[in-house]
Amino acid sequence: MATDGKVITCKAAVAWEPGKPLCIEEVEVAPPKAHEVRIKVVATGVCHTDWEYLFETGKGMKFRPFPLVLGHEAAGIVESIGPEVTRVSPGDKVIPLFLPYCGECERCLSPKTNHCKKNWTNMQAGVLADGTSRISCKGQQVYQFLGVSSFSQYTVVPDTSVAKIRSDAPLDKVCLLGCGVSTGYGAAINAGKVEKDSSCAVFGLGAVGLAAVMGCKVAIARRIIGVDINPDKFEKARQFGATDCINPRDYSKPIQEVVVEMTGGGVDYALECVGSPAIMNAALESTRDAWGTCVIAGWTETETMSISVEKLLMGRTLKGTYFGGWKSVKDVPKLVDDYMNHKLKLDEFITEKLPLVQINKAFDLLKSGKRTLL
């Protein structure tokens, strides 16, 4: 391609400092180095984690250096590749991923986890393997959020964080598999291992929660209770498979007590999809003793839970999941296939589509419960 080996000038939404709206800027994206891939971003989802890192850094989120380009849920086309890249070629459709998969380390070779640590520390710090970013603006390095930065028209990511997908996949749909949908769906299927005819409660009905509902439905759960303080989400949750929807604000007692009463002792599985320690506790306490399982899929980095040990001694299991337990580069193409074969919903998650220049409006819609694509 004509841009191969050259710096690309394009538009990106730059976060210059925490707590401030994003600015649409002209940025320079350098060519990929060894084991790196430069991607033309075709579509990106706006995830709640992006909002949290911008507006809640230092609260529930660890500090990331600024300026940075947010965005980590995307799909695009490979523009060029650096030396020693063998997994993808220019023109391939791909999904960049914040969780790597090298396929060689102890964790990648183990069926017990998806937590590959290849380039992990640097990606968390907003840089690539050599300690620098490939994005710059006004002569200044711009950090790459989780090593991805999909709020840019072009970005560069490690080859261990790129999933090659089928050529007929619609990028403006499968981009959602880069984070939210995969996380919630996998929380039910992989982490929770929800069983047929079981009872489930999903706390939080955003994209992750709806995907968890979908996972419970696919697992043929008998009862799926959706819990959210926004009743506007209930109709969509029912479309995904929820059998009951309840609003904690409609009750004078703790919502976990409501769930226990509704189910005659508690649910078999509870999935927390908010990222709030208080809701995590409620989810755990809504499960049945002796065998109840609670899976934490909501994200927080600095907050802690305080739980009664007796709740665990009575046979409950409390566990967490990262990216739904999927081995990213290896498993995401299979999820794309499931969508293309009508086994997985994606279209139904999308409520708005906006151009990049309206990124701040997309954040506003996100806070009101809308799932937006750019």
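Reader: Where is Ser149 placed?
Author: In this predicted model, Ser149 sits in the loop between β8 (140-144) and β9 (154-158).

Reader: Is Ser149 buried or exposed?
Author: Ser149 is buried, because its relative accessible area is 0% and the cut-off for buried is under 20%.

Reader: What is Ser149 in contact with, leaving aside neighbours within four places in sequence?
Author: Ser149 contacts Val69, Leu70, Gly71, Ile135, Tyr143, Gln144 and Thr155.

Reader: Where does the second largest pocket lie relative to the domains?
Author: The second largest pocket lies between domain 1 (8-179 + 325-368) and domain 2 (192-320), because both give residues to its lining.

Reader: New topic, Pro333. Which helix is it found in?
Author: Pro333 is in helix α11, which covers residues 328-340.

Reader: What does Pro333 touch, not counting residues up to four places away in sequence?
Author: Pro333 touches Ala163, Lys164, Ile165 and Ser328.

Reader: What separates the C-alpha atoms of Pro333 and Ser306?
Author: The C-alpha atoms of Pro333 and Ser306 are 38 Å apart, and the two are 27 residues apart along the chain.

Reader: Now the whole chain. How many helices and strands?
Author: The protein chain has 12 helices and 18 strands.

Reader: How does the radius of gyration sit against a compact globule?
Author: It agrees, because a compact globule of 374 residues would have a radius of gyration near 21 Å and the protein chain has 20 Å. Along the principal axes, the C-alpha atoms fill a box of roughly 65 × 40 × 35 Å.

Reader: What share of the residues is buried?
Author: Buried residues are 56% of the 374 in the protein chain.

Reader: And what share of contacts comes from residues 24 or more positions apart?
Author: Such pairs account for 69% of the contacts with a separation of 6 or more in the protein chain.

Methods
Residues numbered from 1 in each chain as written. Predicted model: local features only at pLDDT ≥ 70, side-chain atom pairs only at ≥ 80, totals over all residues. Heavy atoms only, no water. Helix = DSSP H or I, 4+ residues; strand = E, 2+ residues; numbered from the N terminus. Buried < 20%, exposed > 50% of the residue type's maximum accessible area, 1.4 Å probe, protein only. Contact = heavy atoms within 4.5 Å. Domains from an automatic or database assignment. Rg over C-alpha atoms; globule rule 2.2 N^0.38 Å.
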